[in-house]
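Thanks for coming. Please look at the screen while I go through one structure, from the overall layout down to single residue pairs.

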Amino acid sequence: MPKSLLIAAFLGLLLTACDAAGPDEVQGYAEGEYRYIALPDSGMVTAVEVQRGQQVQRGQALFSLDDQRYTAAVQQAEALLAQAEASHRDLLTGQKGSEIRALEADARQAEADLTYARQQFQRQEALEKNGYASRASFDEARASIQRNQAAVNAAKARLATARDREGRDEEIHAARAAADAARAALEEARAKLALRHATAPADGRIEDILFRPGEGVSAGQAVVMLLPDDGTRVRFFIPPEQVGQMTLGQRISVRCPGCAGPITAAISFIASEASYTPPVLYSRDQHHKLVFMVEAMPLSSTASLHPGQPVTIAFSHPADAS
């Protein structure tokens, strides 16, 4: 509720209370420090998990915005991370057993082809000496040995590379970096998904629900209004001749209609500039006086205080402040 409406609502109560205060007392009212819970991106409200007046705990779910696109992004990032980690593992463990076996078979075949080429060369050499083979056939047989020897060398080199990880440090480093990048992308996607769901930043009471499921909100637009359990303070006004006696941390006693007993509070703020007495605090003794605004935080539960509620403040001497 806007402060102007709160002031108007309790005007009558405060007028009566101001005239009833003793010489060492002043009148004031309780003020709520509300938190307006919003999310950083726009979207449609899909769920509201709380109701007005409900007491909630820190971390409790409050509301959600549509998250299909963000869920899909998380799933995609998970798949890319799994792929990157698999590639990294393959490099660390060498090539797969089936690939090595295939390379071994290629090497054996190349050895067999070389043996056959040598046998053919020996036959061609004998035929060429006896005049039964041409020189061209002999040269071809010799060239075949050279080709097959080269094939054997290449097959053995591929097999050695598959079995030996030496010389692949840069490739392994690149695969590790790719996996780290994929992991960071997944964390970012999960963080963006989490930002589609709002939770209570503190224990407190739901004061209002500003949007309902099916309604769209802009980035940073509040959906839920929360009053934390420690979010109620006391505000009052004192004359210039009294402000010099006030100190930060000074204890005061607060009474309110319907409260079980006095509430101890500590002064947390003293205005540095004076202002005219707010109209709501006008009384026979306070009319047209300059005053300083003072705020105090209750030191215990504020369950009995409600924003806008009129209170009576009794002062302790600054020396009493701990």
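The protein has 7 helices and 15 strands. Helices (H or I, at least four residues) and strands (E, at least two) are DSSP runs, and they are numbered from the N terminus. What you see is a predicted model, in which local features need pLDDT of at least 70 and side-chain atom pairs count only at pLDDT 80 or more, while totals for chains, interfaces and linings use all residues. Residues are numbered from 1 along each chain as its sequence is written, and side-chain values use heavy atoms, with hydrogens and water left out.

Some totals. Of the 322 residues in the protein, 36% are buried. Buried means under 20% relative accessible area, exposed means over 50%, and partly exposed is in between (1.4 Å probe, protein chains only). The accessible surface comes to about 18500 Å², and 52% of it belongs to carbon and sulfur atoms. Those areas come from the Shrake-Rupley method with a 1.4 Å probe; for residues, only the protein chains shown count as cover. A contact means heavy atoms within 4.5 Å. Among contacts with a separation of 6 or more, 76% are between residues 24 or more positions apart.

Now the strands. In general, strands of a sheet pair through backbone hydrogen bonds, either parallel or antiparallel. The rule used here is that two strands pair if DSSP finds at least two bridges between them.

Arg205 is opposite Leu227 in β9.

Next, strand β1, residues 25–32. How many of its 8 residues are buried? The count is 7, so to speak mostly covered. β1 pairs with β15 (residues 310–315) in the antiparallel sense over 5 bridges, and there Tyr29 has Pro310 as its bridge partner. β1 also runs antiparallel to β10 (residues 232–238), again through 5 bridges. On that side, Glu31 has Arg233 in β10 as its bridge partner.

That brings us to the cores. A nonpolar core is a set of buried Ala, Val, Leu, Ile, Met, Phe, Trp, Tyr and Cys residues joined through side-chain atoms within 4.5 Å. The largest one has 20 residues, and Phe236, Ile238, Ile252, Val254 and Ile313 have the most contacts inside it. Two or more residues each come from β1, β10, β11 (251–255), β12 (263–270), β14 (290–298) and β15. Take Ile238: leaving aside neighbours within four places in sequence, its contacts include Val26, Met246, Phe292 and Phe315. Apart from this core lies another, of 18 residues, among them Val45, Val48, Ala198 and Phe211.

Salt bridges next. A salt bridge is a side-chain nitrogen of Lys or Arg within 4 Å of a carboxyl oxygen of Asp or Glu. By this rule there are 13.

In one of them, Asp66 pairs with Arg196, the closest N and O atoms being 3.4 Å apart. Asp66 is in the loop between β5 (61–65) and α3 (68–93), and Arg196 is in the loop between α6 (169–194) and β6 (197–199), so the pair ties together parts that are 130 residues apart in sequence. Arg196 is buried, at 2% relative accessible area, whereas Asp66 is partly exposed, at 26%.

Which residues does Arg183 pair with? One is Glu85, with the closest N and O atoms 3.0 Å apart. Arg183 lies in helix α6 and Glu85 in helix α3, so this pair ties together parts 98 residues apart in sequence. The other partner I will mention is Asp180, at 2.9 Å between the closest N and O atoms. Arg183 and Asp180 are 3 residues apart in helix α6, about one helical turn. Arg183 is partly exposed, at 30%, and Asp180 is partly exposed too, at 40%.

There is also a salt-bridge network linking Glu33, Arg233, Arg235 and Glu295.

Last, the structure holds 1 disulfide, where a disulfide is a pair of cysteine sulfur atoms within 2.5 Å. Cys256 and Cys259 form it, with their sulfur atoms 1.4 Å apart. Both cysteines, Cys256 and Cys259, are buried.
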